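Open the model in your viewer and keep the selection tool at hand.

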Amino acid sequence: MDIVLSGIRPTGNLHLGNYFGAMVNFLKMQETYKCFFFIADWHALTTHPDPKALNANVKNVLAEYLACGLDPEKSTLYVQSDVPEIAELYLLLNMQAYLGELEKTVSFKEKARQNPNNVNAGLLTYPVLQAADILIHNADYVPVGKDQEQHLEMTRNFAKRFNHRYGVDYFKEPKAFASDSQQMIKIPGLDGSGKMGKSEGNCIYLTDEPKAIEKKVKGALTDNGPEGENTSKPEYIENLFTILKVVSTPEMVTHYDNLWNAGEQRWYGNLKKQLAEDIIKTTAPIRERINDIKNNDDYLNEVIKKGAEKARESAAKTIREVREIIGLTKL
Ligand code: TYM
């Protein structure tokens with residue numbers, strides 16, 4: 001059976017980008033594939049989070065994953081740092097990763113620009129750790145948002161290089177999960193910026209109260225309306241349509257598209273109202289479940305423990321085989 005794997009950094013609550021970029025695919029895939037979904041707590045360390053906050057965020061994300069509908073009976077749900085085999089594979093894959101390519105990674109350059117005083121080696125080798133996450137279970141598919149495309153490409157390169165160096169056909173080249181109906185997508189922020197993201201501070205969270213969602217959507221950047229018929233939309237208006245497409249019906253999207261193309265004005269208020277209503281429809285039931293699950297520490301602990309056991313079984317097999325290929329077995 002094909003293997004699916006994906007991860008998330010525990011740096012705060014889940015937002016619409018995480019949900020529509022990744023979670024909706026997880027929910028489909030857990031029905032048909034062998035799935036590994038994990039919380040990338042080592043990846044979160046690049047920014048040196050407060051230990052208490054990190055710990056609380058791991059629990060938050062786990063509760064939110066479960067509330068979204070991930071089923072620990074169907075998928076393996078685990079925390080990255082519970083699987084030391086990933087760290088060993090990371091060390092080994094670092095030998096296949098070159099400084100030049102790591103320095104050219106878009107996410108590295110962006111983070112280095114944002115935080116010039118904290119350009120640490122963990123940040124530089126972030127894509128190698130992500131490759132180790134994926135290759136430790138030899139995953140076939142990785143359902144992620146478009147922002148992770150380059151990391152996936154690098155994973156394929158490290159896998160190919162390893163296979164070539166040792167003359168084996170061991171690691172598969174993992175593919176992004178993109179069916180016809182569900183391409184890799186990028187959910188934009190409501191501030192007119194490219195991407196909804198925690199560090200961008202422009203998120204709608206699954207835990208947001210309806211009032212907060214209405215306020216955030218109302219505050220989205222707009223203008224006076226189209227300047228004529230059939231003009232192209234500026235990015236910040238296109239962004240609203242991108243979100244409308246994932247939360248609303250196709251008829252609703254066509255309705256507002258028609259208003260735009262007719263060059264009409266004064267309908268942004270209605271569009272925003274509709275958008276907020278449909279976002280709330282998606283998030284409200286999840287928000288209720290999050291609150292229940294978060295208070296159930298016994299359940300969360302049991303899920304984490306069982307997940308770690310299952311993940312380690314598969315990871316240990318890979319490490320045994322990789323050590324043998326490399327020549328690290330003794331006698
Ligand atoms: P992270 O924690 O930033 O996001 C988790 C998932 O949510 C998706 N996502 C988005 N999708 C569309 N639009 C957005 N605005 C948006 N924001 C976030 C991400 O694509 C991702 O699928 N490096 C990864 C975590 C990771 C990982 C892995 C993923 C570590 N190891 C192995 C896959 C496989 C990250 O920082 O995602």
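A polar contact here is a pair of N or O atoms within 3.5 Å. Keep that cut-off in mind, and remember that this is a predicted model.

Stop 1: Select arginine 9. One of its polar side-chain atoms lies 2.7 Å from an oxygen atom of the ligand. Next, pick asparagine 18. Here a polar side-chain atom is 3.1 Å from a ligand oxygen. Now go to glycine 145 and show its backbone. A backbone N or O atom of glycine 145 sits 2.7 Å from an oxygen atom of the ligand. How much of the ligand's accessible area does the protein cover? On its own the ligand has 700 Å², and the protein covers 98% of that.

Stop 2: Show the surface. The ligand takes up the space of the largest pocket. Colour strand 1 (3-8), helix 1 (16-29) and helix 8 (126-135); these are the elements that each give two or more residues to the shell around the ligand. Then select the 27 residues around the ligand; Arg9, Tyr126, Asp133, Asp147 and Ile187 come nearest. By type, the shell holds 12 nonpolar, 10 polar and five charged residues.

**Stop 3: a salt bridge.** Side chains of opposite charge can pair when their charged atoms come close. The model has 15 salt bridges. Select lysine 74 and glutamate 31, whose side chains form one of 3.1 Å, N to O. Which parts of the chain does this pair link? Lysine 74 is in the loop between helix 3 (51-68) and strand 3 (76-79), and glutamate 31 is in the loop between helix 1 and strand 2 (34-39). The two residues are 43 residues apart.

Note on methods: Residues are numbered from 1 along each chain as its sequence is written. This is a predicted model: local features need pLDDT of at least 70, side-chain atom pairs count only at pLDDT 80 or more; totals for chains, interfaces and linings use all residues. Side-chain values use heavy atoms; hydrogens and water are left out. A residue is near a molecule or strand if one of its heavy atoms lies within 4 Å of it. A polar contact is a pair of N or O atoms within 3.5 Å; within protein, one must be able to donate a hydrogen and the other to accept it, and residues adjacent in sequence count only if both atoms are side-chain atoms. Accessible areas come from the Shrake-Rupley method with a 1.4 Å probe; for residues, only the protein chains shown count as cover. On a 1 Å grid over the protein atoms alone, a cavity is a set of points where a 1.4 Å probe fits but cannot get out, and a pocket is an open set with protein on both sides within 12 Å along at least five of seven lines; lining residues have an atom within 4 Å of a point. A molecule sits in a cavity or pocket if more than half of its atoms lie within 2 Å of its grid points. Helices (H or I, at least four residues) and strands (E, at least two) are DSSP runs, numbered from the N terminus. Ala, Val, Leu, Ile, Met, Phe, Trp, Tyr, Cys and Pro count as nonpolar, Asp, Glu, Lys and Arg as charged, and the others, Gly among them, as polar. A salt bridge is a side-chain nitrogen of Lys or Arg within 4 Å of a carboxyl oxygen of Asp or Glu.
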